[in-house]
Amino acid sequence: MEAVRNRAVSIDDLANAMTSDEYLKAKEFYSFLVDISKCTGGILRIEREKFIKLAATMMDCTPAEAYAIISKMRRYGWIKACDSHFVVVNVTNNKG
């Protein structure tokens, strides 16, 4: 039997995929974000710089690495939006 894909995998998908270490960090951080934002419908009011510093601290990495992981979390749909003053977390997608 042959596997059928829903869509074709592009080179961008492969280049932007999370490594296993990034995935573990992102999964733990996503769980934290869901826990603290559930009562507000997934909306966190926080400045982008502070959010990235918080992520870097929780993930035990540099802010640049944290930003890259957050960007991948957005592409994966774990974070719906990340503006300069708020973050919208996808609390319904609790697959992580």
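Is C39 buried or exposed? In this predicted model, C39 is exposed, at a relative accessible area of 74%, while C82 is buried at 15% (buried is under 20% relative accessible area, exposed over 50%, partly exposed in between, with a 1.4 Å probe and protein chains only). Zero disulfides turn up in the structure, a disulfide being a pair of cysteine sulfur atoms within 2.5 Å.

As for the ground rules, residues are numbered from 1 along each chain as its sequence is written. Local features need pLDDT of at least 70, side-chain atom pairs count only at pLDDT 80 or more, and totals for chains, interfaces and linings use all residues, with side-chain values resting on heavy atoms and leaving out hydrogens and water.

On the helical side, α3 (residues 48-59) packs against α4 (residues 63-76) at about 100 degrees, with the axes 8 Å apart (axes are lines fitted to C-alpha atoms over the stretch in contact, and angles run from 0 to 180 degrees between N-to-C directions). The two helices are therefore roughly perpendicular, a label covering 65 to 115 degrees. F51, I52, A55, A56 and M59 of α3 meet P63, A66, Y67, I69 and I70 of α4, contact meaning heavy atoms within 4.5 Å. The residues of this contact split into ten nonpolar, no polar and no charged.

Then there is an open sheet of three strands, ordered β1-β3-β2 with antiparallel pairing (pairing takes at least two DSSP bridges). β1 (43-45) and β2 (79-82) sit at the edges with a single partner strand each, so one side of each lacks a neighbour in the sheet. Three bridges join β2 to β3 (residues 86-89), and I79 has V89 as its bridge partner in β3.

Technical notes:
Helix = DSSP H or I, 4+ residues; strand = E, 2+ residues; numbered from the N terminus. Parallel < 35°, antiparallel > 145°, perpendicular 65-115°, else oblique. Nonpolar A, V, L, I, M, F, W, Y, C, P; charged D, E, K, R; others polar.
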